[in-house]
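This report goes through a model one element at a time. The sequence and structure are shown first.

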Amino acid sequence: MGIFRKAEKKLEGFVEGGFGRAFKSSVQPVELAHKLAKEMGDHKTVGVSNVYVPNEFDVYLGQADYEQLSAFADALKAELSNYVTAFARREGWTLVAPPRIELHRDDDLRVGEFGISTRTVNAPPEAAAPAYVPPAVPVAAAAVGPMADQTLLYQEPPPAAPVAAPQRAPAMRAALRGPQGEWELRDEVTVIGRSRRCAIVLADPNVSREHVEIRRQGDGFMLRDLGSTNGTRLNRRDVKQAVLQHGDRIELGATELLFERLP
């Protein structure tokens, strides 16, 4: 049994949440691998014939951990991407594009603490192709791990043949209203949270730095919790993901937002 497999077994007993603190010392790469796999499973979407999982991951680290891991960031991100690819293949999950993992520094975090936010993002239109299914890789006994014992091969899918752009109906307009303002949802994805990086910033200490996202889906909008610390409520019910309807009330921390369709 390799070092990563042994470490993963030790991690099973720790409490999982929006932020992990599995070790009192610095964050270890195997912690990140374990948590990335869990985040994929927690945020999967069941389609008609496929189970889709996030393919983009933002990893937030405190100053000391960020400086330590960024020293070999390229190698680490490549190894974690390979692990995510192999894990998805083993579970029969579908990635809509090759995985992308980025490291970020967050001075609010202490040594050993880290946070992960996830997204499902298609490949750019010029390189669009059918949903990315992890390719076959040489993994002994179809088991994922240890990471150091695997060689994962990735082949870029061939570019899609150009097709005529379909005629689109006018996009539905919607807005959020709350005690701190009113925002029209103009983007494909709108992230809401306490961080200044968010499209909608809420000055509420009970709101996570990146709490939820609202994503356009066809002629509607989908609300998805991003692993927040205090959770998300929709019409007084706890939710991880839900389709929004006119008049829905979204509770983030101590802040309530009203979702409205616009004429």
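Lys38 and Asp42 both belong to helix α2, 4 residues apart, about one turn of the helix. Helices (H or I, at least four residues) and strands (E, at least two) are DSSP runs, numbered from the N terminus. The side chains of Lys38 and Asp42 meet in a salt bridge, with 2.7 Å from N to O. A salt bridge is a side-chain nitrogen of Lys or Arg within 4 Å of a carboxyl oxygen of Asp or Glu. Lys38 is partly exposed, at a relative accessible area of 29%, and Asp42 is partly exposed at 43%. Buried means under 20% relative accessible area, exposed over 50%, and partly exposed in between (1.4 Å probe, protein chains only).

The model is predicted: local features need pLDDT of at least 70 and side-chain atom pairs count only at pLDDT 80 or more, while totals for chains, interfaces and linings use all residues. Residues are numbered from 1 along each chain as its sequence is written, and side-chain values use heavy atoms, with hydrogens and water left out.

The expected span of a helix is 1.5 Å times one less than its number of residues. Of the 14 residues of α2, 12 are buried, so the helix is mostly covered. Among them are Pro29, Val30, Leu32, His34 and Met40.

Helix α4 (residues 73-91) packs against α2 at an angle of about 40°, with the axes 10 Å apart. Axes are lines fitted to C-alpha atoms, for helices over the stretch in contact, and angles run from 0 to 180 degrees between N-to-C directions. The two helices, α2 and α4, are therefore oblique to each other. Angles under 35 degrees count as roughly parallel, over 145 as roughly antiparallel, 65 to 115 as roughly perpendicular and the rest as oblique. The crossing of α2 and α4 is right-handed; a crossing is left-handed if the near helix is turned anticlockwise from the far one by less than a right angle, and right-handed if clockwise.

From its first C-alpha to its last, α4 reaches 27 Å with 19 residues, close to the expected 27 Å. Its buried residues include Leu76, Lys77, Leu80, Tyr83, Val84 and Phe87. Just after α4, Gly92 has a positive phi of about 80°.

## Other salt bridges

The structure holds 24 salt bridges. One of them joins Glu56 and Arg119, whose closest N and O atoms are 3.5 Å apart. This pair links distant parts of the chain, with Glu56 in strand β4 (residues 56-61) and Arg119 in strand β6 (residues 114-119), 63 residues apart. Both Glu56 and Arg119 are buried. They belong to a network of salt bridges that also links Asp58, Lys77, Arg100 and Glu102.

Glu256 and Arg249 form another salt bridge, at 3.0 Å from N to O. Glu256 is partly exposed at 27% relative accessibility, and Arg249 is partly exposed at 37%.

Two strands pair if DSSP finds at least two bridges between them.

Strands β11 (residues 212-217) and β12 (residues 220-225) pair in the antiparallel sense over 6 bridges. Ile214 has Leu223 of β12 as its bridge partner, and Val212 stands opposite Asp225. The two strands, β11 and β12, form a hairpin with 2 residues between them, and Gly218 in the turn has a positive phi of about 60°. On its other pairing, β12 runs antiparallel to β15 and is joined to it by 3 bridges, with Arg224 opposite Gln241.

In a regular strand the side chains alternate between the two faces of the sheet. Both faces of β12 are covered: Gly220, Met222 and Arg224 are buried on one side, and Phe221, Leu223 and Asp225 on the other. With 6 of its 6 residues buried, β12 is largely enclosed by the rest of the structure.

## The sheet of 6 strands

An open sheet of 6 strands has the order β8-β7-β17-β16-β13-β14, with antiparallel pairing. Its edge strands are β8 (181-184) and β14 (237-239), each with a single partner, so one side of each is left without a neighbour in the sheet. From one strand to the next the twist averages 30°. Within this sheet, β13 (residues 232-234) and β16 (residues 249-252) run antiparallel and are joined by 3 bridges. Leu234 stands opposite Ile250 in β16.
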